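Reader: I'd like to learn how to read a fold like this one piece by piece. Could we go through it together?

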Amino acid sequence: MNGEILVRDNPAENRFETEVEGHLAVAQYVLTPGGIIFTHTEVPHELGGRGIATKLVEAGLASARQRKLSVIPRCGVFARYMQKHPETADLLQPDIRATLGI
């Protein structure tokens, strides 16, 4: 893999996505009034171990922050990332923050 991983929001499909070497990796979401629920992240096996899931999460969280949306991480990939990065805790509602132990 050469170059930077470019993640884009595809609102028509409700997902952040990137295509690498002909494979599509996605982070799916549902928008709610004032919030975004991340429901599933999928990176093809062929692309594993390259940090692509992290790039999808970072793009999704950056978008939420920019749009002033609260985050509900129903996807384990997002939940684990947010647990490891407490600087993202302000994006969570207090009850969800407590559930994640942040």
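Reader: How many bridges join β4 to β5, and do they run parallel or antiparallel?

Author: Four bridges join β4 to β5, and the two strands run parallel. Two strands pair if DSSP finds at least two bridges between them. Strands (E, at least two residues) and helices (H or I, at least four) are DSSP runs, numbered from the N terminus. As an example, I37 stands opposite I72 in β5. Bear in mind that this is a predicted model, where local features need pLDDT of at least 70, side-chain atom pairs count only at pLDDT 80 or more, and totals for chains, interfaces and linings use all residues. Residues are numbered from 1 along each chain as its sequence is written, and side-chain values use heavy atoms, with hydrogens and water left out.

Reader: What is the order of the strands in the open sheet?

Author: Here's the general idea: in a regular strand the side chains alternate between the two faces of the sheet. In this structure, five strands make an open sheet in the order β1-β2-β3-β4-β5, with mixed pairing. β1 (8–10) and β5 (70–73) are at the edges with a single partner strand each, so one side of each has no neighbour in the sheet. On average, neighbouring strands are turned by 30° against each other, direction ignored.

Reader: Which residue in the turn between β2 and β3 has a positive phi?

Author: That's E21, at about 50°, in a hairpin with two residues between the strands. β2 (residues 15–20) and β3 (residues 23–32) pair in the antiparallel sense over six bridges, and V20 stands opposite H23 in β3. Moving along, β3 and β4 (residues 35–42) run antiparallel and are joined by seven bridges. T32 has G35 in β4 as its bridge partner. This hairpin also has two residues between its strands, and G34 in the turn has a positive phi of about 80°.

Reader: At what angle do α1 and α2 pack?

Author: Two packed helices are described by the angle between their axes and the distance between the axes. Here α1 (residues 52–67) and α2 (residues 76–84) pack at about 80°, with their axes 10 Å apart. Axes are lines fitted to C-alpha atoms, for helices over the stretch in contact, and angles run from 0 to 180 degrees between N-to-C directions. The two helices are therefore roughly perpendicular (65 to 115 degrees; under 35 is roughly parallel, over 145 roughly antiparallel, the rest oblique).

Reader: Which residues of α1 and α2 meet?

Author: A53, T54, L56, V57, E58 and L61 in α1 meet V77, F78, Y81 and M82 in α2, where contact means heavy atoms within 4.5 Å.

Reader: What about aromatic rings, and how many pairs are there?

Author: A pair of aromatic rings is described by the distance of the centres and the angle of the planes. Rings of Phe, Tyr and Trp (its six-membered ring) pair if their centres lie within 6.5 Å; planes under 30 degrees apart count as stacked, over 60 as edge-to-face and the rest as tilted. By this rule there are four pairs. F16 and F38 have ring centres 6.3 Å apart and planes at 40°, so that pair is tilted. For Y29 and F38 the values are 6.4 Å and 70°, so the pair is edge-to-face. F16, Y29, F38 and F78 form one aromatic cluster.

Reader: Is F38 buried or exposed?

Author: F38 is buried, at 0% relative accessibility (buried is under 20% relative accessible area, exposed over 50%, partly exposed in between, with a 1.4 Å probe and protein chains only). F16 is buried too, at 3%.
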